[in-house]
Amino acid sequence: MSSYKLCINTGLGFDLPMAERLTLIKKAGFDGFFSEWMPGAPVAEWAAQAKELGLIYQSIHAPFNNVDKIWEDGPDGEAFLKVLMDCVQDCAENHVPLAIIHAIIGFDKHTPSDLGIERFERLCSFADERNVYLGFENTEGEEYLAKILTELKGHHCTRFCWDTGHEMCYNHSKDMMALYGDQLIGTHFNDNLGITGNEITWLDDSHLLPFDGVANWQGIMDRLRRHHFKGPLTFELTRTNKPGRNTHDPYTAWDFGTFVKQAYDRAVLVAAL
């Protein structure tokens with residue numbers, strides 16, 4: 001029996017009330033979950049439902065649609081910094097220990113700025129004061145993640161969230177744990193088919209169930225244990241195909257309960273490796 005707690009995202013490509021999702025996540029066997037966030041999200045309600053069910057509210061995924069503006073001059077960067085701070089505040093007020101942050105969005109972005117670091121340093125200080133960790137996720141634009149995790153690692157809150165699927169496509173299967181494993185705070189475990197064309201796009205980031213893609217799960221768990229990670233194994237999955245793809249066709253007949261039970265069974269297999 002694995003000693004790892006197992007958590008999963010709540011979206012999964014379905015449209016159900018959160019209370020129903022959490023009930024089915026608990027029934028499947030998971031120990032906890034993470035949620036998406038937007039301004040006005042009823043985090044207190046979700047936290048109360050989690051407490052009632054005995055589920056860990058592992059993290060909240062902050063928005064990333066305008067995170068590139070953080071690195072650029074102008075009011076949009078300050079506005080999006082405020083959005084991220086509001087997300088962190090919701091974490092603090094509802095005892096959610098971790099906010100997941102993307103450092104950048106955009107495959108054509110490769111030049112992180114000192115202005116962006118200054119803004120993210122304000123976010124890190126804000127999080128430090130509230131005892132909320134920030135898990136910066138490996139995505140496209142590795143230069144931005146590198147600058148944050150190098151220049152801001154002095155902040156207690158500044159940590160790394162390892163997305164196994166992003167590593168396989170966005171990061172060309174580079175060993176991101178070798179770079180940032182000493183700062184690991186959480187995982188987004190998922191599978192995909194790697195880079196499938198001449199150009200990397202978001203279409204390759206399929207978030208398949210483990211063992212339905214080409215990921216080396218034994219190697220993933222070996223790398224995780226090499227860095228003595230003891231936190232929950234958190235899975236980020238979906239039932240939904242990306243446009244023009246049919247990778248998720250085997251899942252389409254499953255309802256939420258079936259999908260999340262399949263996900264749990266795969267998670268148990270991963271944790272046992």
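Keep in mind that the model is predicted.

Salt bridges first. I'll take a few.

Start with lysine 82 and aspartate 86. They form a salt bridge, with the closest N and O atoms 2.9 Å apart. Both residues sit in helix H3, which covers residues 75-93. They are four residues apart, about one turn of the helix. Here is the general point. An α-helix has 3.6 residues a turn, so residues three or four places apart point the same way. Back to the pair. Lysine 82 has 47% relative accessibility, so it counts as partly exposed. Aspartate 86 is at 31%, so it is partly exposed too.

Next, lysine 147 and aspartate 114. Their closest N and O atoms are 3.7 Å apart, and the pair forms a salt bridge. This one links distant parts of the chain: lysine 147 is in helix H5, aspartate 114 in helix H4, residues 114-130, and 33 residues separate them. Buried or exposed: which is lysine 147? Lysine 147 is buried, because its relative accessible area is 16% and the cut-off for buried is under 20%. Aspartate 114 is exposed, at 59% relative accessibility.

Aspartate 204 lies in the loop between strand S7 (184-188) and helix H8 (217-226). Arginine 245 lies in the loop between strand S8 (233-235) and helix H9 (256-271). So the pair ties together parts that are 41 residues apart in sequence. Aspartate 204 is buried, at 2% relative accessibility. Arginine 245 is partly exposed, with a relative accessible area of 27%.

There is also a network. Asp68, Lys69, Glu72 and Lys109 are linked in it by salt bridges.

Now back to helix H5. Its buried residues are Glu142, Tyr144, Leu145, Lys147, Ile148 and Leu149. What covers them? The cover includes H4, strand S5 (133-137), S6 and helix H7 (176-180).

Histidine 155 counts as buried, because its relative accessibility is 14%. Which residues does histidine 155 touch, leaving out those up to four places away in sequence? They are Glu121, Cys124, Ser125 and Asp128. With glutamate 121 there is a polar contact, side chain to side chain, at 3.2 Å.

Over to threonine 23. Threonine 23 is in helix H1, residues 18-28. Its relative accessible area is 42%, so threonine 23 is partly exposed. A polar atom of its side chain lies 2.9 Å from the backbone oxygen of alanine 19. For a sense of span, take threonine 23 and leucine 273. They are 250 residues apart in sequence and 28 Å apart in space, C-alpha to C-alpha.

Last, the largest pocket. It holds about 590 Å³ of space. By type, the lining divides into nine nonpolar, 10 polar and seven charged residues.

That's the tour.

Definitions and conventions
Residues are numbered from 1 along each chain as its sequence is written. This is a predicted model: local features need pLDDT of at least 70, side-chain atom pairs count only at pLDDT 80 or more; totals for chains, interfaces and linings use all residues. Side-chain values use heavy atoms; hydrogens and water are left out. Buried means under 20% relative accessible area, exposed over 50%, partly exposed in between (1.4 Å probe, protein chains only). A polar contact is a pair of N or O atoms within 3.5 Å; within protein, one must be able to donate a hydrogen and the other to accept it, and residues adjacent in sequence count only if both atoms are side-chain atoms. Contact means heavy atoms within 4.5 Å. On a 1 Å grid over the protein atoms alone, a cavity is a set of points where a 1.4 Å probe fits but cannot get out, and a pocket is an open set with protein on both sides within 12 Å along at least five of seven lines; lining residues have an atom within 4 Å of a point. Grid points are joined across faces, edges and corners, and a volume is the space filled by probe spheres set on the points. Ala, Val, Leu, Ile, Met, Phe, Trp, Tyr, Cys and Pro count as nonpolar, Asp, Glu, Lys and Arg as charged, and the others, Gly among them, as polar. A salt bridge is a side-chain nitrogen of Lys or Arg within 4 Å of a carboxyl oxygen of Asp or Glu. Helices (H or I, at least four residues) and strands (E, at least two) are DSSP runs, numbered from the N terminus.
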